[in-house]
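Here are my notes on the model you asked about. Have the chains open while you read, as I go from the pairing of the copies to the sheets and helices.

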2 protein chains.
Amino acid sequence: MKGIEPITRLVSALSALPGVGEKTASRLALYVMNSSDAYVRELAASLIGAKDDVMLCSVCMGFSETDPCAICSEISRDHSIICVVSDFKDMAAIEGTGSYNGLYHILHGALSPLKGVGPDEIKIKELLMRLSSSTVSELLIATGFDVEGEATANYIAKLTRPIGMTITRIASGVPVGSFIEYMDKNTLDRALSGRREM
Amino acid sequence: MKGIEPITRLVSALSALPGVGEKTASRLALYVMNSSDAYVRELAASLIGAKDDVMLCSVCMGFSETDPCAICSEISRDHSIICVVSDFKDMAAIEGTGSYNGLYHILHGALSPLKGVGPDEIKIKELLMRLSSSTVSELLIATGFDVEGEATANYIAKLTRPIGMTITRIASGVPVGSFIEYMDKNTLDRALSGRREM
């Protein structure tokens, strides 16, 4: 592919995508070259469209075509509970359960001193502003149970405790369908200490 | 991501790429949403550019910005030998060795009755036309050594034999750096029957 500038340029742009190395980028570029004109134009237009027509909801910081977004403006949802997630995909996963009817707040990341992500790099300020101007009775923290997710949860809990609402964390324990014997020690520890009366 | 039409559209366009399932497409779409405007515009423009500014060289069928391509129009190359490859990437690999100085012919595929790829689906007609109107002394067939590559090589050899030039096939054998004991039976068979005096 060397020497053909438009292909080199495409390979280099594709290589910037996560999980796409130069070899995969070359393969994708070749696929593009062999694709229909209509498909390539649709792919390019949908890239621009996603960037131009989607904004951040000024309330929950989620991606949306409108501001506020469909979830934040839905009257039938429970506006007294906010579920805090790291990522838009986490919100989509929780929405997918169909068993949560409150609002969300998307942080767009998790605290990670090693990666240089401090409180100012994620949408924590926006959460505090939101909490100060609304009457929320429960803050449900649903960041991950990895080191960064836990640190973020603890940081937010500490920061928001003075406001006085109930702060909860989604449960950690043995996943549905799993065998006890295969669980790691940390998960079993959590599952034991988080036991519930039945 | 459901419900946000521009994102759904992008995910669906990305899902059509080879090796990209819906989950990867969602991850890529989210990356795009979080990327700089400049990057997304560059990616879109390079897709369109690769499609619009790159054509097939009418001589060798390779991708090129000019017609004939740089290789076909290079006078210092040996115009008496044509190396037949399935794919543009194969040509790039052979060029990468620096030890071949002839011309190429890119088939854009290999014969595969199971996948519905017959002689008319790949650039065999163009090869025959080219051979009939030029004085080529050697046709070096460098399709793969898988079933489809072998079938393609045999088909082309049979078809072009009446023209009277020398027809050769790149060597099959034990790869450089490999141990004999780990070679499969077929490769060893080939390596034995293809032995050369030293």
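1. Ground rules. This is a predicted model, in which local features need pLDDT of at least 70 and side-chain atom pairs count only at pLDDT 80 or more, while totals for chains, interfaces and linings use all residues. Residues are numbered from 1 along each chain as its sequence is written, chains are lettered from A and ligands numbered from 1 in the order in which they are written, and side-chain values use heavy atoms, with hydrogens and water left out.

2. Helices across the two chains. Two packed helices are described by the angle between their axes and the distance between the axes. Helix H1 (residues 5-15) of chain A packs with helix H3 (residues 37-53) of chain B at an angle of about 150 degrees, and their axes are 8 Å apart. Helices (H or I, at least four residues) and strands (E, at least two) are DSSP runs, numbered from the N terminus. Axes are lines fitted to C-alpha atoms, for helices over the stretch in contact, and angles run from 0 to 180 degrees between N-to-C directions. The crossing of H1(A) and H3(B) is left-handed, which is the label used if the near helix is turned anticlockwise from the far one by less than a right angle; clockwise is right-handed.

3. Who touches whom there. On the H1(A) side the contact is made by A:Pro6, A:Arg9, A:Leu10, A:Ala13 and A:Leu14, and H3(B) contributes residues including B:Tyr39, B:Leu43, B:Leu47 and B:Asp53. By class, this contact of H1(A) with H3(B) has nine nonpolar, two polar and three charged residues. (Ala, Val, Leu, Ile, Met, Phe, Trp, Tyr, Cys and Pro count as nonpolar, Asp, Glu, Lys and Arg as charged, and the others, Gly among them, as polar.)

4. Domains in chain A. The assignment gives domain 1 (5-53) and domain 2 (63-169), with bounds that come from an automatic or database domain assignment. Taken over C-alpha atoms, the centres of the two domains of chain A are 33 Å apart.

5. The sheet in chain A. What is the strand order? It is S4-S3-S5-S6, in an open sheet of four strands with parallel pairing. Two strands pair if DSSP finds at least two bridges between them. Strand S4 (102-106) and strand S6 (166-169) of chain A are the edge strands, each pairing on one side only. Ignoring direction, neighbouring strands of this sheet are turned by 25 degrees against each other on average. Strand S3 (residues 78-85) and strand S5 (residues 138-141) of chain A run parallel and are joined by four bridges, and A:Val84 stands opposite A:Ile141 in S5(A).

6. Helices on that sheet. Helix H4 (residues 88-97) of chain A packs on the sheet, touching S3 and S4 of chain A, and its direction makes about 160 degrees with that of S4(A). H5(A) lies across S3, S4 and S5 of chain A, at about 145 degrees to S4(A).

7. H5 against H6. Helix H5 (residues 124-132) and helix H6 (residues 147-160) of chain A pack at about 35 degrees, with their axes 11 Å apart. Their crossing is right-handed. Among the residues that meet are A:Leu127 and A:Leu131 in H5(A) and A:Tyr155 and A:Thr160 in H6(A). The contact of H5(A) with H6(A) divides into seven nonpolar, one polar and no charged residues.

8. Chain B's sheet. In S5(B), B:Glu138 is the bridge partner of B:Ile81, and B:Leu140 stands opposite B:Cys83. S5(B) also runs parallel to S6(B), with four bridges joining them.

Conventions
Contact = heavy atoms within 4.5 Å.
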